[in-house]
Amino acid sequence: MDEIMEFLPFLVPLVIAEFVLLGYTIFHILTHKSYKRGSRTLWLAVTVIGMNFIGPVLYFLLGKEDS
């Protein structure tokens, strides 16, 4: 239990950043209608399944349509 407490100051901001990125990504997917590759359903699935930074990062690199 002491090992977890040692990493807690590092883990809390990381978890908060992860959920903020996930929330912004889902908001962006739901409010935009066009994507470079794939569809809304595909990107929602990729984002939710790859929740640990991988899904949102993949969306912003590969799926987000340029403004």
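Visitor: Which residues form one aromatic cluster?

Guide: This is a predicted model, in which local features need pLDDT of at least 70, side-chain atom pairs count only at pLDDT 80 or more, and totals for chains, interfaces and linings use all residues. Residues are numbered from 1 along each chain as its sequence is written, and side-chain values use heavy atoms, leaving out hydrogens and water. A pair of aromatic rings is described by the distance of the centres and the angle of the planes. Rings of Phe, Tyr and Trp (its six-membered ring) pair if their centres lie within 6.5 Å; planes under 30 degrees apart count as stacked, over 60 as edge-to-face and the rest as tilted. Here Tyr35, Trp43 and Tyr59 form one aromatic cluster.

Visitor: How many aromatic pairs does a search of the whole structure find?

Guide: The search finds 2. Tyr35 and Tyr59 are edge-to-face, 6.2 Å centre to centre with 65° between the planes. Tyr35 belongs to the loop between α1 and α2, and Tyr59 to helix α3 (residues 54–63), 24 residues apart. The ring centres of Trp43 and Tyr59 are 5.6 Å apart with planes at 70°, so this pair is also edge-to-face.

Visitor: Is Trp43 buried or exposed?

Guide: Buried means under 20% relative accessible area, exposed over 50%, partly exposed in between (1.4 Å probe, protein chains only). Trp43 is buried at 6%, Tyr35 is buried at 11%, and Tyr59 is buried at 0%.

Conventions. Helix = DSSP H or I, 4+ residues; strand = E, 2+ residues; numbered from the N terminus.
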